[in-house]
Amino acid sequence: MIKQEFTITIFSENRIGILNQIVSVFTRRHINIESLTSSESAIEGIHKLTIVVFSNREEVEILARQIEKSIDVLKAYSFSHDEIVYQEIALYKVPTAKLFKGNEIEKLVRRYGARILEMTADYTIIEKTGHKGETQELFDKLDPYGVTQFTRSGRVAINKMKKEPLIDYLKNLAKNGLNTNIQ
Amino acid sequence: MKESKKQPVMMTGSQAVMESLLNEGVDLMFGYPGGAIMPVYDALYSIQDKLHHVLVRHEQGAVHAAQGYARVTGKVGVCLVTSGPGATNTVTGIADADIDSTPVVVISGQVGSSLLGSDAFQETDIVGITQPVTKWNYQITRAEEIPRAIARAFYIAKSGRPGPVLLDITKDAQFGMLEYTYEPVTSIRSYTPCPPVEPAQIEEASKLINLAKKPMALVGQGVLIAGAEKELLEFLEKTDIPAAQTLLGQSALPSDHRLSIGRLGMHGNYGPNIKTNDCDLIIALGMRFDDRVTADTKNYAIKAKIIHMDIDPAEINKIIHADAPVLGNLKDSLPMLTARVNKNDHSEWLEEFRACDRIENERLIKRELFPEKPELKVAEVVRRVSEAYNDDAIMVTDVGQHQMTAWRYFRFKRSRSVVTSGGLGTMGFGLPASIGAKLGKPDRPVCLFVGDGGFQMTIQELGTINQSKVPVKIILINNNFLGMVRQWQELFFDYRYASTELINPDFQTIARGYNIPAIKVTERKNLDKAIEKMVNSEGPFLLEVAVEKEGNVFPMVPAGASVADIRLE
């Protein structure tokens, strides 16, 4: 089966060791993690992790169920790229002196919808959000001018469903008289 | 479970460990003391009349004993060990309990919290080490966390699909003071132990069952864990569906039941294997399509639709695609299904299995049970022992040829009568597991079948048997070989016996050293009398049987082959 990019979003309790538990599901099956972000979700106390892998629908569903077996994981959902809206952020550091040799860098910033975050006598930090291909393209354009540092974040994603399925999960617990608080 | 105390009482963390265990109804535990768990052992000292502690000889033995106890009683087995090597020695047992869904709580001591991560004496990251092989684990660094963590541990270990839990308690948390109250945990928001049965899934499954001409049920340990033996019989008897059992599903229905068609898998029976590719419907009940059951999955159940009934959503479609999954507890789902299906008669189909049985009997079982050569065969020993206990003993095994043979030839009348290491295949499991099984069911005879290889992996537990006076009957099947590996070397590695022959000690002398009466049988004519002596003995007993040196276990599905390629010789 042809592999494609899948995004797995995981809602978990914010506990020590949770990342280890989740990552080991991928390690055991020899699946490489392309990117990973983790931060508190809209619901207080619940963390949201977003993991990008190359896989197929069948395998990624099995992965999600295995991840959910972790006691501290509430739910795991898998999405193909057309089922989500996603972004990454990239930062580029270039020597400020290069900006004054012609206005090439300024043109690039405008053309790529990037922006200048900070400028000192020594360096300028440029920020761009977008998909990996877009942030990479800007890097390729800037690099001839001497990018001294470059960093790219993992993916953040929002699914295209009407509402966050986790909310329904929690509502269901409450309806069945089960605990919905952190323990 | 006792009433939780409402009035807080001041006590140490160690006392809170003991009180919490008593609150969970624990009256027996297995363990081994050491530096980082000494405060807890000190708290145990005062309540030994209420909480009996069995001192094992190695921490691996503590976990296997707890597993044996859990498997025969359905209750949570409990272990107490120290930090560092004490904790790492439990890992094999924990992994075994994990893969065989056995409820066990392991409590390990840990160095003081100020020393964590500093490579202190007997410090090891046991939470990190056991993370992939526990259902849940947790490090307690403050005394006040103890009651809550233990309540969580027991709830998680025994609910849903059971499994092992490890709690690591730092020494300062054991010494610290807390206001003790106990509240059992009954739900955790991030954990769904048992998905509710969906009527639509029952509907879908019942349609397939009503249409099937050649259905076959596969009975796994899930039936035993759910306590759904009666529900299984009602379903099978209404639908008249033949049922085969996995290794751990054995004893879910009586061996002599009309619809019992025997054992699945690599060394199972001829009929259920060969008919897997002939049947038109498989109803998998609390089993996980282990590769020892399915063999080559591409050539497994090639004509069949699959109904997969399990409590664990992660098992659905993991190995074999389910046409009709039914999630939920079998205790709930089976009666719902039984109510929806038609009464049926599959006697013609059942006759096909009987025909297979006759072939297996003629070509294999006869020569195993009534050999013409003078060397003793494992099968005849197993069958004689089974009969001597009226086919109603608890069978514990180690791992290897004797395990497969014991499983094939021992017979069962009652549920929860098999204790064996299935998924992990842990040599050394048998002896300590038999101790736990006997202490869990003191009124039933416990027969351990163990090979000369596996026996020596945990042989020190003879000391536990001696000290705690555990009357297990040990049947040592001695062929001076690591028999299963030797069999593979013979069949697939051209008789190149690399490191499989054993030069053994005199087991009779060893048993006597541990005050265990022992007898050795080398000839068939002495077998019955020796078994009689064992059956009539009050305490523990070692019956050593010198068997055929190079015997093979058949039938056998060769590795990589299809179930239909099962070989009888």
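Leaving aside its neighbours within four places in sequence, with which residues is Leu74(A) in contact? The list spans both chains. From chain A come Phe11(A), Ser12(A), Ile46(A), Leu166(A) and Tyr169(A). From chain B come Arg189(B) and Ser190(B). This is a predicted model.

**Leu74(A) and its setting**

Leu74(A) sits in strand 4 of chain A, which covers residues 73-80. Is Leu74(A) buried or exposed? Leu74(A) is buried, because 23 other C-beta atoms lie within 10 Å and 20 or more are enough for that class. Glu13(A) is 61 residues away from Leu74(A) in sequence. In space, the C-alpha atoms of Leu74(A) and Glu13(A) are 7.3 Å apart.

**Where the chains meet**

The contact between the chains involves 16 residues of chain B and 21 residues of chain A. On the chain B side, 8 residues are nonpolar, 5 are polar and 3 are charged.

**Domains of chain B**

The domain assignment divides chain B into domain 1 (9-180), domain 2 (199-353) and domain 3 (374-546). The C-alpha centres of domain 2 and domain 3 of chain B are 31 Å apart. Their contact draws 12 residues from domain 2 of chain B and 14 residues from domain 3 of chain B. On the domain 2 side, the residues divide into 5 nonpolar, 4 polar and 3 charged.

**Backbone geometry in chain B**

Most residues other than glycine have a negative phi, and most peptide bonds are trans. Asp119(B) has a positive phi, near 60 degrees, and is not a glycine. Gln122(B), also not a glycine, has a positive phi of about 55 degrees. Asp119(B) belongs to the loop between strand 5 (104-110) and helix 6 (126-130) of chain B. Gln122(B) lies in the loop between strand 5 and helix 6 of chain B.

| Residue | Phi | C-beta neighbours inside 10 Å | Class |
|---|---|---|---|
| Asp119(B) | near 60 degrees | 8 | exposed |
| Gln122(B) | about 55 degrees | 16 | partly exposed |

Why do the classes read this way? Asp119(B) counts as exposed because its neighbour count is 8, and 12 or fewer gives that class. Gln122(B) counts as partly exposed because its count of 16 falls between the exposed limit of 12 and the buried limit of 20.

Which residues does the cis peptide bond join? It links Phe554(B) and Pro555(B), with omega about 5 degrees. Pro555(B) lies in the segment after strand 20 (541-546) of chain B.

Definitions and conventions
Residues are numbered from 1 along each chain as its sequence is written. Chains are lettered from A and ligands numbered from 1 in the order in which they are written. This is a predicted model: local features need pLDDT of at least 70, side-chain atom pairs count only at pLDDT 80 or more; totals for chains, interfaces and linings use all residues. Two residues are in contact if their C-beta atoms, placed from the backbone, lie within 7 Å. Ala, Val, Leu, Ile, Met, Phe, Trp, Tyr, Cys and Pro count as nonpolar, Asp, Glu, Lys and Arg as charged, and the others, Gly among them, as polar. Domain bounds come from an automatic or database domain assignment. Helices (H or I, at least four residues) and strands (E, at least two) are DSSP runs, numbered from the N terminus.
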